[in-house]
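My entries follow in the order in which I looked.

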Amino acid sequence: MNFDLLIIGSGVVGSALAIKTSQLGYKVAIIDSRETFPNSYRHLSVNQKSKAFLNGIDVWKKIENSAFPYEQIKVWDQEGTGFIEFNAKEANLPNLGFIVREGEIQKNLIEQFQKNNVENFWGEALLKIDYSLDEIVCNTSKQIHKTKMIIGCDGMNSKVRELSGIDFRSWSYNQTAIVTNFKTDINDSCIKQTFTSIGPLALLPIKEDESTMIWSIDDDTSYKFISMSDEEFTAEVKNKFSEQIGKLEMVSKRQHFPLHHLSAKTFANNGVFLVGDSAHHIHPLAGLGLNAGIGDVECLAELIKMNGLEKIKEITSSYNRKRIPINLGLAASMEAFKRGFSQKNIWIKLFRNTAFNLANKLSPLKKKFMELATEL
Ligand SMILES: Cc1cc2nc3c(=O)[nH]c(=O)nc-3n(C[C@H](O)[C@H](O)[C@H](O)COP(=O)(O)OP(=O)(O)OC[C@H]3O[C@@H](n4cnc5c(N)ncnc54)[C@H](O)[C@@H]3O)c2cc1C
């Protein structure tokens, strides 16, 4: 079948790109190797910029009711005195962002495919990419598609990246993220993140009486925490938040995700584009991975709108020029945070605590942090 754009991977990033480019008037298809959408129970933070994008493609209004706004972020160190706080009021914003279930965002995007004339193929894995002068030919597990542009939104282990020979750097953070939900009696709109000796632990409000937890634990300890009973695990979490929380009752299964960094050496080449996790994958401690992916979507769609598909070379160079530095900067910040907080050296700890407390007082520096969190 012939399309203007063929998108591989219908996660949130690929689905959002499909709708946006189809609204620009292009003939768009999206394929996914899964038989159907997974309805992920993981909750993600969505910043103001991503919300505005979803609003622009007419999908936010469907998600809005299940999205929980947060107005504050408090980050502190378990073993020192470091403390930093971000507040929506300081930034003159109604809130800093929203916590939404990933499956809810994806479901509402997919439901808009038909209305937006996006052709959607489930259970089709990409197997081969061939290039001819004016088109790209893709063999999938079911058929052959011809397209002017192929876009890999197929996640961290991207087949598009592999088949197009795009090199990448990757390493393990040597941590595993354990994720679960708790009923609580906290009832505020604050994300609380504390750096424990084994890794960052965050509680994010998802309802008035429920929070989702993500604890990125060093691999030499993570198995112990994965195999604990629910009661033992809950007691560990409670202990880390001491007086800040009252009741905690685990209400979902614990899921765990090994954590890796990945950065493709180029994000676009020969009519092949990488968007979202296929291009960059970062530590979840600042909850920015999906937001960075939506930033890619917005940028690529804008370049297609400005240039048309005839100017693929211009789109390629502009996309690389705009998105690679932003994502490298983000990855470096996450690395610095993670390394800084895993330091056991007393002088580095002292410096870290002082730097954090200073950052909390110096508003220009705080403003920079806020921009990173809200404006990717
Ligand atoms: C524990 C954890 C917490 C996180 N929290 C946050 C957060 O709060 N906020 C935030 O912004 N980000 C967060 N992230 C990051 C975020 O989840 C990812 O950045 C985002 O989901 C990536 O979306 P994607 O669509 O690029 O990739 P994916 O969601 O991985 O989607 C890829 C799709 O491609 C399909 N696919 C794969 N291979 C093929 C193939 N060969 N052929 C066809 N289809 C294929 C897959 O089936 C899948 O549907 C978190 C990550 C983790 C691990």
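Entry 1: I began with strand β5 (residues 72-77), which pairs with strand β13 (residues 190-196) in the parallel sense over six bridges. I take strands and helices as DSSP runs numbered from the N terminus, with at least two residues (E) for a strand and at least four (H or I) for a helix, and I call two strands paired if DSSP finds at least two bridges between them. Within this pair I noted that Asp-77 has Phe-195 of β13 as its bridge partner.

**Entry 2: what I am working from.** The model is a predicted one, in which local features need pLDDT of at least 70 and side-chain atom pairs count only at pLDDT 80 or more, while totals for chains, interfaces and linings use all residues. Residues are numbered from 1 along each chain as its sequence is written.

**Entry 3: the protein as a whole.** I counted eleven helices and 20 strands in the protein. Of its 376 residues, 43% are buried, where buried is set at 20 or more other C-beta atoms within 10 Å of a residue's own, exposed at 12 or fewer, and partly exposed in between, with C-beta atoms placed from the backbone. I then looked at contacts, which require C-beta atoms, placed from the backbone, to lie within 7 Å; among those between residues at least 6 apart in sequence, 73% join residues at least 24 apart.

**Entry 4: the ligand.** Which residues are closest to the ligand? I found 32 residues around the ligand, and the closest are Gly-9, Gly-11, Gly-155, Gly-276 and Gly-289; a residue is near the molecule when its C-beta atom, placed from the backbone, lies within 6 Å of it. The elements that each supply at least two residues of this shell are α1 (12-23), β2 (28-32), β3 (43-47), β12 (168-184) and α8 (289-307), and α8 gives the most, with four residues. By residue class the shell divides into 15 nonpolar, twelve polar and five charged, with Ala, Val, Leu, Ile, Met, Phe, Trp, Tyr, Cys and Pro taken as nonpolar, Asp, Glu, Lys and Arg as charged, and the others, Gly among them, as polar. The ligand lies between domain 1 (2-65 + 102-168 + 261-337) and domain 2 (68-99 + 171-258 + 339-374), because both give residues to the shell around it; the domain bounds come from an automatic or database domain assignment.

**Entry 5: from β12 onward.** I went back to β12, which pairs with strand β17 (residues 255-264) in the antiparallel sense over ten bridges, and in which Thr-176 has Pro-258 of β17 as its bridge partner. Strand β17 pairs in turn with strand β20 (residues 280-281), again antiparallel, over two bridges, and there Ser-263 is bridged to His-280.

**Entry 6: positive phi angles.** Most residues other than glycine have a negative phi. Asn-39, which is not a glycine, has a positive phi of about 50° and is found in the loop between β2 and β3. Leaving aside its neighbours within four places in sequence, Asn-39 is in contact with Gly-103 and Lys-107, and its C-alpha is 7.5 Å from that of Gln-106, which is 67 residues away in sequence. Asp-58, in the loop between α2 (48-56) and α3, has a positive phi near 75° and is partly exposed, with 13 other C-beta atoms within 10 Å.

**Entry 7: helices α4 and α7.** In helix α4 (residues 102-110), the buried residues are Ile-105, Gln-106, Asn-108, Leu-109 and Ile-110, and they pack against α1, α3 (60-63) and β7 (97-101). Helix α7 (residues 230-241) holds Glu-236, which is partly exposed, with 16 other C-beta atoms within 10 Å. Just after α7, Ser-242 takes a positive phi of about 35°.

Definitions and conventions: Contact = placed C-beta atoms within 7 Å.
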